[in-house]
Amino acid sequence: MSHGPADPEPGAPIPHPADPAPHQADPEPGPLPRPAADDRPAAPAPWSHPGYGQPAPPAPGHAGPTWPPSDRPGPPPPGHGQPIPPPGYGQPAPPPPGYGQAAPPPGYGQPGPAGRGQPGAGPPSPGPWTPPGPGPWTPPGAAPGWPGSPTLPPPGGEEPRQRLHPLSPVLHGAKSLVVVIAGLSWSTLSRVGFGWFTVLVAVFVAGATVLAVVSWWNTGYHVVGRELRVHEGLLWRRTRAIPLERLQAVEVVRPLLAQLTGLAELRLEVVGGGKTEAPLAYLGVAEAGALRQRLLAVAGRAPEVVPPAAGAPPPPAPAGRRLHTVRNQDLLVSQLLTPQAFLLPFGVAFVVAQFLSEGSWSFIAVASTLTAMAGVVLQPVRRVLDDWAFRLDRDDGTLRVHNGLLETRVQTVPLHRVQTVRVTWPLLWRMKGWLRLRLEVAGYSAAEPDDRNRPDRLLPVGDARTGELIVAEVLPGVRLAALPSTAPPRRARWLRPLTRAAVGAGLDERVFVARSGLLTRQLTLVPYARIQSVRVTQGPAQRRLRLATVHADTAGGSGAAAPDRDLAEAWDLAAELTARAHAARHADRGRRR
């Protein structure tokens, strides 16, 4: 129940007590007409009303002062009835023209019975008309009931989510078959028999295939702005957004089953990633190549590529300058000149002698022996399979490595992220004058469980002349045969009785040089611009001999070290490395600008 008049609405004007009751009919929208000149009442003098021109006190609940401040007759000023929103009131744009204007009631300004406002006979004036207040202004897109909180529409032009190739679950199931057979082992086959062994394998593979189908159905990807978003998961859904500004390389990997089915796996390497980010397994070869070029273009590491229309062939990959191709014959010979290959005949002779002496040739014994022998020769065989048909191309500021037999790879190595170059001369390779070149690249995890995922291959095997040419491509101005190096002082033989002459360090014009190794010699080259920090360390024995080790750390993590230097020489070397690194980084930034 209400006792007394209702409170006025916020923003509504306060009528004068002498004014007639306002018209009850709802006003029609439209422009506000101005009364005719002869119908206007004579305006009293400004001083005839006490408090003329002063705003009336606001009523309870009123939002602010109203117009007119007195009962002076006349039309309302422009914009009358529009409450002014506070500054920054969620307005992306000002209100439209004419907002809040309303038409006067019918008959306004027409002659009527004599009344207030007319001194003497004549048509009276109905008094000033006050249009209803429109209430607070809500900008377009603002949520109702939340003033000043505009809601943005969903971004338009977002490409639809893409699925992986339909044969992806089949390949994942086939990979699970190999894992299950290896996990059950030969001892399980001997205990349960061939029939039950087959049933167990079929059950595990069927379950893995069903899980692969569910995973494929709930996995999708698309490019949104400068991000690659990968959606996956059924019960625990996960969306990974990979900023393409951090992208370093997109690798196209084709295992044996993928080669047989015309598929490929796309792997992304980003700066700071602990492992390969969001591998897309599997896509069609053409689709994987087109997506790789597009991602590199968005990341700013390749010319802009427009995504092809549906059904159109993808654009060809850009051709680079061929630097070197490794002969497969040299690759095979190089892996035969390894300790594992030399020890293999002795292992086979030992196994055969055991079988002849015991007279036992059971299936389990033969299978176990073959498995052990395969573990011995696994590393040389893997290197042959991984580096088969190795070729190196130069494409502007990147190196492209193509390699692999059962699993082909195309890896991209950005030259500006190369931290170190390592040259290795294995003992048995020296009689043929061969060497191996490796890279350390920032942005790739050194803790990757599979070293094949790291793009550190620069030259699996080659002669000294080939090594000189490739090092000059990666580190311009560096001559491999003319690098300076000095050995530690003679008192370091107490710490290195056999290897003192094999270690050394030196300062080239462009790189820090560190050599090590007695049987397998190794040379590490660190560009000054890639040195992140310099450390001087001393152990207990080094303190007694006044020796120290100088470390040059890089973003990749390993860097290089000059061990067992004289203490004064170590501090001088550290100061010189710091100065050269600072100057090289400053010059490198100037060149990039």
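I took a strand to be a DSSP run of E with at least two residues, and a helix to be a DSSP run of H or I with at least four residues, both numbered from the N terminus.

**Entry 1. The model and its extent**

I noted that this is a predicted model, in which local features need pLDDT of at least 70 and side-chain atom pairs count only at pLDDT 80 or more, while totals for chains, interfaces and linings use all residues. Residues are numbered from 1 along each chain as its sequence is written, and side-chain values use heavy atoms, with hydrogens and water left out.

I found ten helices and 19 strands in the protein. I then looked up burial, where buried means under 20% relative accessible area, exposed over 50%, and partly exposed in between (1.4 Å probe, protein chains only). Of the 593 residues in the protein, 35% are buried. For contacts (heavy atoms within 4.5 Å), I took those between residues at least 6 apart in sequence; 58% of them join residues at least 24 apart.

I located E265 in strand β5, residues 263-270. E265 is buried, its relative accessible area being 9%. I next searched for polar contacts, that is, pairs of N or O atoms within 3.5 Å; within protein, one must be able to donate a hydrogen and the other to accept it, and residues adjacent in sequence count only if both atoms are side-chain atoms. The side chain of E265 makes such a contact with the side chain of R267, at 3.1 Å. Leaving aside residues up to four places away in sequence, E265 touches E251, V252, V253, P279, L280, A281 and Y282.

I then turned to D564, which lies in strand β19, residues 560-566. D564 is also buried, and I recorded a relative accessible area of 4% for D564. Its side chain makes a polar contact with the side chain of Q542, at 2.7 Å. Among the residues that D564 touches, not counting those up to four places away in sequence, are P488, P489, L495 and R496.

**Entry 2. The nonpolar cores**

I looked for nonpolar cores, each a set of buried Ala, Val, Leu, Ile, Met, Phe, Trp, Tyr and Cys residues joined through side-chain atoms within 4.5 Å. The largest has 32 residues, and those with the most contacts inside it are L437, L439, L458, V474, L480, L483 and L525. Two or more residues of this core come from each of β9 (398-403), β11 (418-425), β12 (434-441), β13 (457-463), α8 (464-474), β15 (511-516) and β16 (521-527). β12 gives the most, with five residues.

**Entry 3. A six-stranded sheet**

I recalled that strands of a sheet pair through backbone hydrogen bonds, either parallel or antiparallel. Two strands count as paired here if DSSP finds at least two bridges between them. I traced an open sheet of six strands in the order β13-β12-β11-β16-β15-β14, with antiparallel pairing. β13 and β14 (504-507) stand at the edges with a single partner strand each, so one side of each has no neighbour in the sheet. From one strand to the next, the twist averages 15°.

β11 and β16 pair in the antiparallel sense over five bridges, and V423 stands opposite L523 in β16. Helix α8 packs on the sheet, touching β11, β12, β13 and β16, and its direction makes about 150° with that of β13. For these angles, axes are lines fitted to C-alpha atoms, for helices over the stretch in contact, and angles run from 0 to 180 degrees between N-to-C directions.

**Entry 4. Two hairpins**

I found β1 (residues 220-224) and β2 (residues 227-232) paired in the antiparallel sense over five bridges. Y221 has V230 in β2 as its bridge partner. The two strands form a hairpin with two residues between them, and G225 in the turn has a positive phi of about 65°.

β2 is also joined by six bridges to β3 (residues 238-243), and these strands run antiparallel. R229 has A241 in β3 as its bridge partner. This hairpin has five residues between its strands, and G233 in the turn has a positive phi of about 105°.

**Entry 5. Helix α3**

The 14 residues should span 20 Å, and the end C-alpha atoms are 20 Å apart, which agrees. Ten of the 14 residues are buried, including A288, L291, L295 and V298. Just after α3, G300 takes a positive phi of about 85°.

Technical notes: Expected span 1.5 Å × (residues − 1).
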